[in-house]
Amino acid sequence: MSTAFDNAVALEDRYQLATYKKMPIVAERGEGVWLYASDGTKYLDLYGGHAVAGTGHSHPHVVAALREQADKLLFYSNLVYSGARARAAEKLVAVAPDSLTKAFFCNSGTEANENAMRMARLATGRSNVITFSGGFHGRTADAISATFLGKYREIGKPNVPGHIAAEFGDLESVRQLADESVAAIMLEPIQSMAGVKMAGADFYLGLRQLCDERGIVLIYDEVQTGVGRTGEWFFAGSDVGGRVVPDVITLAKALGSGIPVGACLVTEAIASKIKENDLGTTFGGGMMAMAAVSATLEAIEQDGMLANVKAVEAQLRKSLAGMPGLSEITGKGFLLGLRFTSKAAEIHRALLERKIITGTSSDPNVLRLLPPLCLQESEVDLFVKELGDL
Ligand SMILES: Cc1ncc(COP(=O)(O)O)c(C=O)c1O
């Protein structure tokens with residue numbers, strides 16, 4: 001192993017809290033779907049650093065925009081106006097479903113969800129939030145209390161009161177809980193960490209109807225599904241989701257191509273209930289993050305990445321069809337769950353030895369693919385060949 005590898009591993013192990021099980025890679029640079037390690041090894045990245053590298057690693061348009069912004073002004077808070085913030089907000093609202101007309105910027109997915117729940121409580125005067133078993137919404141107090149997956153709520157104790165869980169895909173289970181105490185129903189429209197679970201369109205349509213009937217705010221946590229990942233800008237409004245548009249969409253991950261940024265997109269009705277100082281964050285809406293948002297959305301548009309996701313997803317599904325040991329492919333676009341008859345962790349490890357990065361999930365048999373939206377057919381061929389050779 002190279003000295004750079006040994007140094008980085010030794011120093012991180014010594015000085016950083018060991019909160020993640022790491023792959024034996026010292027990441028040095030990236031280009032598109034390729035990640036280069038300090039020893040020169042090249043990895044095909046089908047995980048994108050937790051779904052963050054939507055535009056691919058170090059997309060030239062994003063890098064140029066960040067350089068240009070860094071030369072002018074790194075940061076000023078929301079106490080002043082900014083061209084960079086104005087452009088990002090305008091652009092984000094322009095690609096959003098028509099009824100979502102205003103953006104709130106923050107710094108991460110969990111923060112976006114905290115603010116979405118707060119807005120729902122402020123808008124309705126109610127306090128409870130329904131989420132779903134298997135959903136993941138983040139690690140800060142309110143978001144982790146909304147996360148009925150594995151040990152998360154246990155880690156987050158004492159939990160914020162008023163969180164209740166329904167069964168994903170089961171409308172009746174939601175109906176029974178959705179009384180006048182409920183401010184919001186929040187869901188990952190495709191449950192990623194649970195093993196890439198998507199419901200039928202009827203489920204989303206039923207949730208929309210229920211929320212309308214009972215005055216409940218519908219929140220889509222699109223931290224993973226947003227910003228082009230499904231081959232549409234958002235799951236909200238998509239055909240597979242019954243064209244349902246929620247009252248709030250939360251975003252993060254791919255939104256800044258790696259610069260930390262989160263956002264809530266909200267309807268005019270919600271926006272009208274939010275007053276000065278109801279929400280806030282020092283860093284949210286900072287110029288570097290805003291330059292990253294605009295450049296990310298532009299890069300997706302300019303490179304035709306939404307169409308690419310659709311075309312390459314179709315090729316991937318076709319190439320994988322009938323592969324021995326693979327029983328099912330779930331998800332949409334570039335958020336895909338590959339269900340194997342054997343353990344996904346072993347497949348993940350074997351692929352890593354072949355220099356391909358994938359993700360696991362909380363379902364031991366499901367391997368997750370969250371590649372950059374610029375993944376090409378030739379790269380899919382490489383993945384399918386290596387997978388087939390295992
Ligand atoms: C669906 C979903 N929501 C929220 C979060 C939390 O985002 P962050 O880690 O940026 O706080 C994640 C992170 O994995 C996520 O996948």
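**Cavity, pocket and ligand shell**

The largest cavity is lined by L46, L316, L369, P371, L375, E379, V380 and F383. The model in which this space was found is a predicted one. The volume of the largest cavity is about 40 Å³. The structure holds 1 cavity of 30 Å³ or more. Helix α14, spanning residues 377-389, gives the most to the lining of the largest cavity. Its share is 3 residues. By class, the lining comprises 7 nonpolar residues, 1 charged residue and no polar residues.

Open space was examined next. The second largest pocket has a volume of about 880 Å³. Its lining consists of 28 residues. Closest to the centre of this pocket are N78, R85, A103, F104 and F105. Three elements, α4 (83-95), β4 (100-106) and β12 (262-267), each supply at least two lining residues. The greatest contribution comes from α4, with 5 residues. The lining of the second largest pocket divides into 15 nonpolar, 8 polar and 5 charged residues.

The ligand site was then considered. The residues surrounding the ligand are S108, G109, T110, N113, F136, H137, G138, E188, D221, V223, Q224 and K253. Helix α5, residues 109-124, gives the most to this shell, with 3 residues. By class, the shell around the ligand has 7 polar, 3 charged and 2 nonpolar residues.

For K253, an N or O atom of the side chain is 2.9 Å from an oxygen atom of the ligand. On its own, the ligand has 400 Å² of accessible area, of which the protein covers 81%.

In summary, the lining of the largest cavity includes 7 nonpolar residues, while the shell around the ligand includes 7 polar ones. The lining of the second largest pocket holds 15 nonpolar residues, together with 8 polar and 5 charged ones.

Key: Residues are numbered from 1 along each chain as its sequence is written. This is a predicted model: local features need pLDDT of at least 70, side-chain atom pairs count only at pLDDT 80 or more; totals for chains, interfaces and linings use all residues. Side-chain values use heavy atoms; hydrogens and water are left out. A residue is near a molecule or strand if one of its heavy atoms lies within 4 Å of it. A polar contact is a pair of N or O atoms within 3.5 Å; within protein, one must be able to donate a hydrogen and the other to accept it, and residues adjacent in sequence count only if both atoms are side-chain atoms. Accessible areas come from the Shrake-Rupley method with a 1.4 Å probe; for residues, only the protein chains shown count as cover. Helices (H or I, at least four residues) and strands (E, at least two) are DSSP runs, numbered from the N terminus. Ala, Val, Leu, Ile, Met, Phe, Trp, Tyr, Cys and Pro count as nonpolar, Asp, Glu, Lys and Arg as charged, and the others, Gly among them, as polar. On a 1 Å grid over the protein atoms alone, a cavity is a set of points where a 1.4 Å probe fits but cannot get out, and a pocket is an open set with protein on both sides within 12 Å along at least five of seven lines; lining residues have an atom within 4 Å of a point. Grid points are joined across faces, edges and corners, and a volume is the space filled by probe spheres set on the points.
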